[in-house]
Amino acid sequence: MITMKKTTRNNIYTYAFVIVSFIIVQLLINSGNISSSLQGQLVPICAYVILAISLNLTVGILGELSLGHAGFMSVGAFAGVVACISLESIIPITLLRLIVSLIVGALFAGIAGFLIGIPVLRLKGDYLAIVTLAFGEIIKNIINILYVGKDKDGLHFSFLTDSSALNLAEGGRVIIDGPLGITGIPKLSTFTMGFALILITLFIVLNLIDSRSGRAIMALRDNRIAAESVGIHVTKYKLMAFVTSAALAGAAGTLFAMNYSTIIASKFGFNTSILILVFVVLGGLGNIRGSIIAATVLTILPEMLRQFNSYRMLLYAIVLIIIMLATNNDEFKARLRALRERLLPSNHRAGKGGAEDGQS
Amino acid sequence: MDKANTPEMQMATMPSVDLVSEREAAKKPVLETRNLGINFGGLMAVNGFNMTIDRTEIAGLIGPNGAGKTTCFNLLTKVYQPTDGTILLDGRDTSNMTTVQINKAGIARTFQNIRLFSNLSVEDNVKLGMHNHINYGMWNGILRLPAYWKGEKQAHDKAMELLSIFDMESLAGKRAGSLPYGAQRRLEIVRALATKPLLLLLDEPAAGMNPSETAELMENIVKIRDTFNIAIMLIEHDMNLVMGICEKITVLNFGKIIAKGTPSEIRNNPQVIEAYLGKKREG
């Protein structure tokens, strides 16, 4: 059969969209048509896109509201950076070190996701959301009191004290300094790496969704009782989605952290979790391409509004509300359509004809 | 335990264990319940439920509203854990099994209020029924290894074959929630069949169907039994359907079995008539 499955075609559009966007941005960079502030936002945009896609796996595909996604991001950020700094002498090639760090970040976040997922996924609905919120804050606070140092004997860990308790030997280095976080991070993240990581994330998430496991995950979302009645193991597939989501958030966290010279745990708090959730909701639950667009637009938007100075966040909020209405409110959409029809009657008819051709 | 109060019941109670062991293995009843009951905080929703279903039997479970019919299904599939009695499925005690394990052991069901995966396609709904018969894991799926393509190909072919029972192949790509009511009911049956059950439980399969659809459904239920060689137990209020295709009928009222027997025996049973229509006024 030549006709492609609808999901396959949709996935190809998503890949194509990401690749074309990357090429356009690269061209803009090479021709110098991109502002330096926006250029500085490219890696964070990539990180947020990955975070939005991964959270969509939990919220849109599995159907469980998670409010602690930034927690997994921070586990990945700190684990990845510690790995990167401590492997400095062992792996001199920066690209390889970055890749290893990303894997370490994903692994640690995945483990955190597994440990948190076991108790959390027994809960349902609002209760689950509140507990993920709590775990997100717990992760943040644990990292806030965590001290990690490195000397010739290896890594040293300490809780709740201060960096002197690490008993580092001569020439040792404090990596995580409790609430002061990590300073002197090697800035290894690049836009190209971020792009590659987005593609890998898409590959994992889209292929997972369109497979036996992904169907089981969506079945749990649509009807848990029916899913059990056809022999689908609830905990197994909930954990699968949750851990995958956490691991990808961890990799995004590492990517994000290695774009800055300093990171602190309080950066990855409740606000960040909500921000990621806003990307997902705005892009549409279960809509991966929507998540990508929403994460990109909402990360660039504050930069674009910088010229309005103190009105910046006010305008940001207004724009956010308008976008939400325009994409999710049927009444608003109908009015918008009516307005467009009055303003551009001929255009509209042409557009409609085109759509019909497309369907037939 | 309250003893049976009708001659029909005593006649039809399960055969003694000796008798079962004398039979060939293939003739063992597929399902046997002994004294099954559940206590909802003092209310015995089902009490002393004894029945057997043979390998390829079509059994009916009827009774007035609130009699406990669906509760029986929920007990058999462990949506509720019984507080009394035992269930033997294919000779195995199911005491410690979960709903998922019950399905793997051979009971599939449909629901009174349709429970489809309504945002997924018709084909995916059937493939989900086959979930435990498709053999590739998460990584095979993500990395698109050969096992994925092989498994999905087989699943697709099998899904189409199953959908053809109800002539639904053309609907395969449609969203399950967008189907008309009757088609949703049929899809639920197909999904249940895809789990390769020994016993299929149908909870009001004809609800909301018109007479011609019901007639077609009756034919199809018999066809399913004959093609797949499975036992079917159904709850139904449509007496034409029940009397037309069931070989054995169990009547439930207030959580207790009040009669068992063939359709003609049930039709003339005074207790059943009383349960449905009430007592006669004059003595």
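B:Leu61 stands opposite B:Ile235 in β8(B). This pair belongs to a predicted model.

**Strand pairing**
- In chain B, β3 (residues 58-62) pairs with β8 (residues 231-235) in the parallel sense, over four bridges.
- Strands of a sheet pair through backbone hydrogen bonds, in either a parallel or an antiparallel way.

**The sheet of chain B**
- The sheet is open and has six strands, in the order β6-β7-β8-β3-β9-β10 (chain B), with mixed pairing.
- Its edge strands are β6 (107-109) and β10 (256-261) of chain B, each of which pairs on one side only.
- From one strand to the next, the twist averages 20°.

**A helix across the sheet strands**
- Helix α12 (residues 270-277) of chain B lies across β9 (248-253) and β10 of chain B.
- The helix α12 of chain B runs at about 130° to β10(B).

**Contact between chains A and B**
- Chain A contributes 22 residues to the contact, and chain B contributes 30 residues.
- On the side of chain A that touches chain B, the elements giving two or more residues are α6 (191-209), α7 (212-222) and α8 (224-229) of chain A.
- With seven residues, α7(A) gives the most to that side of chain A.
- The residues on the side of chain A that touches chain B comprise ten nonpolar, seven polar and five charged.

Note on methods:
Residues are numbered from 1 along each chain as its sequence is written. Chains are lettered from A and ligands numbered from 1 in the order in which they are written. This is a predicted model: local features need pLDDT of at least 70, side-chain atom pairs count only at pLDDT 80 or more; totals for chains, interfaces and linings use all residues. Two strands pair if DSSP finds at least two bridges between them. Axes are lines fitted to C-alpha atoms, for helices over the stretch in contact, and angles run from 0 to 180 degrees between N-to-C directions. Two residues are in contact if their C-beta atoms, placed from the backbone, lie within 7 Å. Ala, Val, Leu, Ile, Met, Phe, Trp, Tyr, Cys and Pro count as nonpolar, Asp, Glu, Lys and Arg as charged, and the others, Gly among them, as polar.
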